[in-house]
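Opening the notebook on a new model today.

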Amino acid sequence: MDMGEEKEVVSLGTLSKKMDDFAKARDWEKYHSPRNLLLAMVGEVGELSEIFQWRGEVERGLPDWKEEDKVHLGEELSDVLLYLVRLSDVCGVDLGKAALRKLDLNAIKYPAPKHTDHCVGEHSSDNAKLTEDN
């Protein structure tokens, strides 16, 4: 994407509507039971996993990947996302609200560490030891 090009923001609601329209246009609604959608999504997660299977750890941003590999990754990520959005819609779950609620719950369950002036970062115990030794 060019630096001058604006990024389009796509909402979960937009994806949900497009998926619903897509399914209706093909008369696929009868196949979109929660179970079927979940199993289809799991299959897509498997395809996504195959992309990373033999690469070992990869750097953020995938700087060493070919553009065609990044496009393929985007397609598989999209498949997973679209099935997840469709599954949540069919189940009557507002995925956006559920995700925000889950983030709030995780913030309570896993609070961020509090830093003080005298105790900052991973070397604070080293600094304390130096002070004790002097």
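**Helix packing**

I started with helix 2 and helix 3 (residues 67–90), which pack at an angle of about 160° with their axes 9 Å apart. Anything over 145 degrees counts as roughly antiparallel, so I put helix 2 and helix 3 down as roughly antiparallel to each other. I also looked up the handedness: helix 2 and helix 3 make a left-handed crossing.

A reminder to myself: this is a predicted model.

**Overall make-up**

I stepped back for the inventory. I get 5 helices and 0 strands for the protein, and reading from the N terminus the elements go α-α-α-α-α. I then checked burial: of the 134 residues in the protein, 16% are buried.

**Salt bridges**

How many salt bridges does the structure hold? I find 6.

I took the Lys-24 and Asp-20 pair to begin with. Their side chains meet in a salt bridge, at 3.0 Å from N to O. Lys-24 and Asp-20 are 4 residues apart in helix 1, so about one helical turn separates them. On accessibility the two partners part ways: Asp-20 is at 17% relative accessibility and counts as buried, while Lys-24 is at 45% and counts as partly exposed.

I followed this pair outward. Asp-20 and Lys-24 belong to a network of salt bridges that also links Arg-86 and Asp-89.

Next I looked at Asp-27 and Lys-30, whose side chains also meet in a salt bridge, with 3.0 Å from N to O. Lys-30 is exposed, with a relative accessible area of 56%. Asp-27 counts as partly exposed, at 46% relative accessibility.

Then I went to Asp-69, which forms a salt bridge with Arg-55; the closest N and O atoms are 3.3 Å apart. What does this pair tie together? Asp-69 lies in helix 3 and Arg-55 in the loop between helix 2 and helix 3, so the pair connects parts that are 14 residues apart in sequence. I have Asp-69 as partly exposed at 23% relative accessibility, and Arg-55 as partly exposed with a relative accessible area of 35%.

**Positive phi**

Which way does Asp-27 go, positive or negative phi? Asp-27 is not a glycine, yet I read a positive phi of about 55° there. I place Asp-27 in the loop between helix 1 and helix 2.

I noted Leu-62 as well: not a glycine either, and its phi is positive at about 50°. Leu-62 is found in the loop between helix 2 and helix 3. Is Leu-62 buried or exposed? With a relative accessible area of 13%, Leu-62 falls under the 20% cut-off, so I list Leu-62 as buried.

**Nonpolar patch**

Last entry. I checked the surface for nonpolar side chains and found Phe-22, Trp-28 and Tyr-31 forming a patch, with about 320 Å² of accessible area together. I traced Trp-28 to the loop between helix 1 (12–25) and helix 2 (34–52). Trp-28 counts as partly exposed, at 36% relative accessibility.

Conventions:
Residues are numbered from 1 along each chain as its sequence is written. This is a predicted model: local features need pLDDT of at least 70, side-chain atom pairs count only at pLDDT 80 or more; totals for chains, interfaces and linings use all residues. Side-chain values use heavy atoms; hydrogens and water are left out. Patches are made of residues with over 30% relative accessible area and no salt bridge: like charges are joined within 9 Å, nonpolar side chains (Val, Leu, Ile, Met, Phe, Trp, Tyr) within 5 Å. Accessible areas come from the Shrake-Rupley method with a 1.4 Å probe; for residues, only the protein chains shown count as cover. A salt bridge is a side-chain nitrogen of Lys or Arg within 4 Å of a carboxyl oxygen of Asp or Glu. Helices (H or I, at least four residues) and strands (E, at least two) are DSSP runs, numbered from the N terminus. Buried means under 20% relative accessible area, exposed over 50%, partly exposed in between (1.4 Å probe, protein chains only). Axes are lines fitted to C-alpha atoms, for helices over the stretch in contact, and angles run from 0 to 180 degrees between N-to-C directions. Angles under 35 degrees count as roughly parallel, over 145 as roughly antiparallel, 65 to 115 as roughly perpendicular and the rest as oblique. A crossing is left-handed if the near helix is turned anticlockwise from the far one by less than a right angle, and right-handed if clockwise.
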